[in-house]
Amino acid sequence: MNENLKTKLKVYRGAGGEEARYDQFEVPHEEGASVLDALVWIRENKDASLAFRYSCVSANACKECMVLVDGKVNYACTARLNTGDVTVEPLAKKSLIRDLVTDIVPPKERLGSLGGK
Ligand code: FES
């Protein structure tokens, strides 16, 4: 990572039903790095307990990395960091599991709904 570029990430923390808090992290990064790159860096270097989800990494195919970036729905893997502060939160209209992970499985795809009802 380039130590010259740094972004402050304010990240939502907490599980569903708990009182939420925000943790702040200063993340060194290279030009063109994504919000997902920053989250991975935080988990590897600052807080291994940070929960977020991703799968395809920048292919924009899995849609598992969707979060709110500065209040707007975005893919963490394609949202680019700049040198300003960035707030990352879970999707507002989905039920929260923990930190940035929400229940994104459509109701009809849940195993419990295979009974045909
Ligand atoms: S990680 Fe798959 S769309 Fe972002």
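Two strands pair if DSSP finds at least two bridges between them. Strands are DSSP runs of E with at least two residues, helices are runs of H or I with at least four, and both are numbered from the N terminus. This is a predicted model, in which local features need pLDDT of at least 70, side-chain atom pairs count only at pLDDT 80 or more, and totals for chains, interfaces and linings use all residues. Residues are numbered from 1 along each chain as its sequence is written.

**Exercise 1.** Find the bridge partner of M66 in β4.

*Solution.* Start with β3, residues 66-69, which pairs with β4 in the antiparallel sense over 4 bridges. The partner of M66 in β4 is Y75.

**Exercise 2.** Give the strand order of the open sheet and name its edge strands.

*Solution.* The 5 strands run in the order β2-β1-β5-β3-β4, with mixed pairing. Pairing on one side only marks the edges, β2 (21-29) and β4 (72-75). From one strand to the next, the twist averages 35°, an angle on a scale from 0 to 180 degrees between N-to-C directions of lines fitted to C-alpha atoms (for helices, over the stretch in contact).

**Exercise 3.** State which strands helix α1 touches.

*Solution.* Contact requires C-beta atoms, placed from the backbone, within 7 Å. Helix α1 (residues 35-45) packs on the sheet and touches β1 (5-13), β2, β3 and β5 (86-89). The directions of α1 and β2 make about 105°.

**Exercise 4.** Which residues does L39 touch, leaving out residues up to four places away in sequence?

*Solution.* With that exclusion, L39 touches L50, F52 and A76.

Conventions. Two residues are in contact if their C-beta atoms, placed from the backbone, lie within 7 Å.
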